[in-house]
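Please look at the sequence and the structure before reading the notes.

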Amino acid sequence: MPALWIAHVHVTDAEAYGKYAKLAGPAIAAHGGHFLARGGDYHILEGAERERHVVAQFPSKQAAIDCYHSAEYQAALSHAKGAAERDLVIVELTE
């Protein structure tokens, strides 16, 4: 069953986070993920303000989990740590 990777991000260091984004895209694609939303216009109804919202779809929840723990994604993530405040959740789609 497909799953969504949903991130809400407040970038504190644009240069370092840009390095993360450049490496994260190929790592996500290598695990069958593709972006449904990456930035873009948004409207907050509830919760904390985070100016960047990313949604990627994966073929399965396990594929999304495997992507996160992969060497390629962890290398990308090393640039995001300290460069952003992030919330990341994986949600399995229901039929």
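The model is predicted: local features need pLDDT of at least 70, side-chain atom pairs count only at pLDDT 80 or more, and totals for chains, interfaces and linings use all residues. Residues are numbered from 1 along each chain as its sequence is written, and side-chain values use heavy atoms, with hydrogens and water left out.

**The sheet**

- Four strands form an open sheet in the order β2-β3-β1-β4, with antiparallel pairing; helices (H or I, at least four residues) and strands (E, at least two) are DSSP runs, numbered from the N terminus.
- The edge strands, β2 (34-38) and β4, each pair on one side only, where pairing requires that DSSP finds at least two bridges between two strands.
- From one strand to the next, the twist averages 15 degrees.
- Seven bridges link β1 (residues 3-11) to β3 (residues 52-58) in the antiparallel sense.
- Within this pair, W5 has A56 as its bridge partner in β3, and A3 stands opposite F58.
- β1 also runs antiparallel to β4 (residues 84-92), with nine bridges between them; here H8 is partnered by D87.
- In general, strands of a sheet pair through backbone hydrogen bonds, either parallel or antiparallel.

**Helices on the sheet**

- Helix α1 lies across β1, β2, β3 and β4 and runs at about 145 degrees to β2; axes are lines fitted to C-alpha atoms, for helices over the stretch in contact, and angles run from 0 to 180 degrees between N-to-C directions.
- Helix α2 packs on the sheet and touches β1, β3 and β4, its direction making about 150 degrees with that of β4.

- Leaving aside neighbours within four places in sequence, F58 is in contact (heavy atoms within 4.5 Å) with residues including P2, A3, W5, I28 and C67.

**Histidine 53**

- H53 is found in strand β3.
- H53 counts as buried because its relative accessibility is 15%, and buried means under 20% relative accessible area, with exposed over 50% and partly exposed in between (1.4 Å probe, protein chains only).
- A polar atom of the H53 side chain lies 2.5 Å from the backbone oxygen of R50.
- Leaving aside neighbours within four places in sequence, the contacts of H53 include A7, H8, A37 and Y42.

Terms used: Polar contact = N/O pair within 3.5 Å; in protein donor to acceptor, adjacent residues only side chain to side chain.
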